[in-house]
Amino acid sequence: LMGAASCGSGVQSHRDSGQQGTSEANWRSIKLLKKLKRGFCKLLSFLYFCRPKYKDKNMLDRLQYVKQRFDEISDLIIQPDVIADQKRYVQLNQEYKSIKALVEKREEYIIVLANIDEANEIIADGSDAEMVEMAKMQLEEAKERLPQLEDEIKFMLIPKDPEDAKNVMVEIRAGTGGDEASIFAGDLFRMYTKYCESQGWRTSVVDMNEGTSGGFKEVIFEVTGEDVYGTLKFEAGVHRVQRVPQTETQGRVHTSAATVMVLPEAEEFDVQIDMNDVRVDFFCSSGPGGQSVNTTKSAVRLTHIPTGLVAQCQDQKSQHKNKDKALNVLRSRLYEMELAKKQAEDASKRTSQVSSGDRSAKIRTYNYAQGRVTDHRIGLTLYDLGNIMNGDIQKIVAELQLVNNMEKLKEASEVF
């Protein structure tokens, strides 16, 4: 009996050990399968996040070309022979300023792409849970910033008008509406000078002809600063005002107008003027009394005989200074005449919603009764007349620039 019991006990022990071995083998197989599954998921995650969907190779190539050009200009502008050639030196300096901001954007773009790569590697590794969470946050921020940055770079890659960096001569002339038109021209002059002041630009009156009831029949002033023409060029055209004039006794609303011209200021090497073609006249300055006014012939009038263009200046007491300013105005008008021909040729090739060339186009209406300003070219209406007439026209300027850039981007869309 004891032997039988011992035999039975041995059989049972063998069965238990066999079941235990089978269970352990199954457990090991399951554990191996789980490891393989986790590894496969990591591989899929790595392949998903690291696919090159976010890299725009074409943009990187263009930005690399910009960087090479920037380095080239940086070397050129310190060369003695380039400095001696003033025309080339000025042009290179303008190009240097225009692409410096783009080079900085390129650096940010490369950093964002590197952050995405780094985050993807950490997530794919998955060995440190805390680092994975931080990498996910970094990845989310970088992916949110990337499309915004690409749009900014695309706008900056649009070829700039070489005239945009120039200073300008602004001419405001009273149009239809009699004395009220002169008053409105004075209001526009005040609006633009306040806006220029807010931009840190300097203004200087070149010539003026005051109206009988205030304002100006005509006023010409110079604006100097950074990217002045590129900002103000869309202000050229006919500005219309609807309000009850100060001279109106029965409270009726009148419509008056003033014409604004924005001329890029030409440098001496842009336009060569043969002084043999210019008639110079000296006369007494008009305006309020005082020393050297109405007594000495300090005012200067220049007439360009081949074109019939006339420019004059009586702002300074010095005859020589008035002659220099008048010559600047004449040079700018001759330059603008050639520029207008080029713009007309460009306009025949494409239709632009925003134009800076047609002086007769009605571009904006200022309605005092409704407190409304409407820009007819882009259909923008703002009910903020008081602030706008006090020089706060940045929103209008920004919208016009945006529409213009969108048109240029549409033309260059095949590049991207």
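Which strands does helix 6 lie across? I opened the notebook with that. This is a predicted model, where local features need pLDDT of at least 70, side-chain atom pairs count only at pLDDT 80 or more, and totals for chains, interfaces and linings use all residues. Residues are numbered from 1 along each chain as its sequence is written, and side-chain values use heavy atoms, with hydrogens and water left out.

**Entry 1: overview.** I counted ten helices and eleven strands in the protein. Helices (H or I, at least four residues) and strands (E, at least two) are DSSP runs, numbered from the N terminus. Of the 416 residues, 37% are buried; buried means under 20% relative accessible area, exposed over 50%, partly exposed in between (1.4 Å probe, protein chains only). I then looked up contacts (heavy atoms within 4.5 Å). Among those with a separation of 6 or more, 63% join residues 24 or more positions apart. The protein exposes about 23,900 Å², and carbon and sulfur atoms supply 52% of that area. Areas come from the Shrake-Rupley method with a 1.4 Å probe; for residues, only the protein chains shown count as cover.

Entry 2: I traced an open sheet of eight strands in the order 2-3-1-5-4-9-10-11, with mixed pairing. Strand 2 (202-210) and strand 11 (380-382) are at the edges with a single partner strand each, so one side of each has no neighbour in the sheet. Neighbouring strands are turned by 15 degrees against each other on average, direction ignored. Two strands pair if DSSP finds at least two bridges between them. Strand 1 (residues 168-174) and strand 5 (residues 254-264) pair in the antiparallel sense over seven bridges. I checked alanine 174: its bridge partner in strand 5 is alanine 258.

**Entry 3: helix 6.** Back to my opening question. Helix 6 lies across strand 1, strand 2, strand 3 (216-224), strand 4 (237-243), strand 5 and strand 9 (362-367). The helix runs at about 115 degrees to strand 4. Axes are lines fitted to C-alpha atoms, for helices over the stretch in contact, and angles run from 0 to 180 degrees between N-to-C directions. Helix 6 spans residues 179-198 and reaches 29 Å from its first C-alpha to its last, close to the 28 Å expected; the expected span is 1.5 Å times one less than the number of residues. I found 14 of its 20 residues buried, so helix 6 is largely enclosed by the rest of the structure. Glycine 200 follows helix 6, with a positive phi near 80 degrees.

**Entry 4: tyrosine 229.** I placed tyrosine 229 in helix 7 (residues 228-232). Tyrosine 229 counts as buried because its relative accessibility is 2%. Its C-alpha is separated by 9.9 Å from that of valine 170, 59 residues apart along the chain.
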